[in-house]
Amino acid sequence: MDIDRIAIHESVAKACPLEAMVAALRGDVPVEAVGDDASFDAGDCVVTFSPRDAFLDAAWVHGIRAGYDEFDVAAYEAAGTALTNSTGIHGDTVPETVVGYLTAFARRLHVYRDRQGDSDWTQEPYDTAFTLTGERVCVVGLGTIGQGVADRADALGMDVVGVRRSGDPTECVRRVFTPDELNTAVADARFVVLCCPLTEETEGMVDAALLGTMRDDGYLVNVARGPVVVEDALLNALDTETIAGAALDAHWAEPLPEEHPLWDHESAIVTPHVAAFTNRYHEDIAALVRENLDRTARGESLRNRVA
Ligand code: NAD
């Protein structure tokens, strides 16, 4: 594969400034920002947040997110266009955000922040605050993000269990379950943290039955993708207090519609898909793309290739 242009699609602005990405990738190969009117050829590498049909004419498309569920992998394979993703760079950002959610729920920080605007000194009832130490967290999906969550939860003294397709043991996780044991894995957990990709297997995985299996003082954290959770089932579980709360960074529709009941839900923390945000995202992406450019120059296979 001979790359003679890096085309940075304007959609990268959803994750970082377009100019910063252009600057970070400037080097031997010409770099240019492009919009939806651009066309592509077999010398192009496209760096993008979102898919476009026209990208199939390029040699290689790099998605700047870990999840590639919006890309039509079969179409890339049929067109012979390489598709790479950005798995591997979210091992600090998203896990740190997850620690924030867990700490907020345990120490009630979200409640006090809500009251601050009203100069409200009200203290939460005695039995609502708890410590993370000793609490069980079940991490579903033990890849880059899941392992990062497990490492941090372990360092906080939590009892860490997890779900992994292989079921193989991994560091900082006391017990690893396989996906067919998901019910058992979540049953005794105070926190269930979703860190898996959206696939045919995981879509709707967290349904009414699974939420019913969770502890009624348990919290769900979704930093994966919205459709991994059945929306109505979660809203019902929150309304009926089948679970104690949920922190959601990934949603069914994004932006989450203004009238969505989650916005006003006392026991929910809603963030606008920002768990991975960092002021050095453009550098992390550029390092991945540069590594793959070097690989193509050496005739080696691409890292993170998904099609
Ligand atoms: P990764 O590929 O490193 O890890 C995903 C892991 O999930 C893999 O180990 C995979 O085997 C496992 N998995 C797949 N199906 C599973 C199942 N049914 N049960 C349990 N485990 C399963 O990817 P990552 O970088 O850790 O990212 C994981 C997902 O998180 C992404 O696919 C994306 O959807 C989401 N994500 C969200 C944000 C955000 O801003 N909220 C940022 C990055 C990634």
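At 32% relative accessibility, Thr-87 counts as partly exposed, a class that lies between buried (under 20% relative accessible area) and exposed (over 50%), computed with a 1.4 Å probe and protein chains only. Thr-87 is placed in the loop between β5 (82-84) and α3 (93-107); helices (H or I, at least four residues) and strands (E, at least two) are DSSP runs numbered from the N terminus. Between the C-alpha atoms of Thr-87 and Gly-27, 60 residues apart along the chain, the separation is 23 Å. The model is a predicted one, in which local features need pLDDT of at least 70 and side-chain atom pairs count only at pLDDT 80 or more, while totals for chains, interfaces and linings use all residues. Residues are numbered from 1 along each chain as its sequence is written, and side-chain values use heavy atoms, with hydrogens and water left out.

The chain contains 9 helices and 12 strands. Its radius of gyration is 21 Å, close to the 19 Å that the globule rule gives for 307 residues, so the chain is as compact as a globular protein of that length. The radius is taken over C-alpha atoms, and the rule is 2.2 Å times the number of residues to the power 0.38. Along the principal axes, the C-alpha trace of the chain spans about 65 × 45 × 35 Å. Of the 307 residues, 50% count as buried.

The ligand has 24 residues around it, and Thr-144, Ile-145, Arg-165, Val-223 and Asp-249 come nearest. A residue is counted as near if one of its heavy atoms lies within 4 Å of the molecule. By class, this shell holds 12 nonpolar, 8 polar and 4 charged residues. Here Ala, Val, Leu, Ile, Met, Phe, Trp, Tyr, Cys and Pro count as nonpolar, Asp, Glu, Lys and Arg as charged, and the others, Gly among them, as polar. At least three residues of the shell come from each of domain 1 (5-88 + 278-298) and domain 2 (92-270), with domain bounds from an automatic or database domain assignment.

An oxygen atom of the ligand lies 2.9 Å from a backbone N or O atom of Thr-144. A polar backbone atom of Val-223 is 3.1 Å from a nitrogen atom of the ligand. For His-273, a polar side-chain atom lies 3.4 Å from an oxygen atom of the ligand. Taken alone, the ligand exposes 850 Å², and the protein buries 88% of that. Accessible areas come from the Shrake-Rupley method with a 1.4 Å probe; for residues, only the protein chains shown count as cover.

Asp-159, in strand β7 (residues 159-163), is buried with a relative accessible area of 18%. Asp-159 and Asp-284 are 125 residues apart in sequence and 31 Å apart in space, C-alpha to C-alpha. Leu-194 belongs to strand β9 (residues 191-194) and is buried, with a relative accessible area of 1%. From Leu-194 to Asp-57, 137 residues apart in sequence, the distance in space is 35 Å, C-alpha to C-alpha. In helix α9 (residues 281-297) lies Arg-290, which is partly exposed, with a relative accessible area of 38%.

Most residues other than glycine have a negative phi, and most peptide bonds are trans. The peptide bond from Glu-254 to Pro-255 is cis, with omega near -5°, and Pro-255 lies in the loop between β11 (245-248) and β12 (268-270). Glu-241, although not a glycine, has a positive phi of about 60°. This residue sits in the loop between α8 (231-239) and β11 and counts as exposed at 60% relative accessibility. A positive phi of about 65° is also found for Asn-304, which is not a glycine; Asn-304 is in the segment after α9.

Technical notes. Polar contact = N/O pair within 3.5 Å; in protein donor to acceptor, adjacent residues only side chain to side chain.
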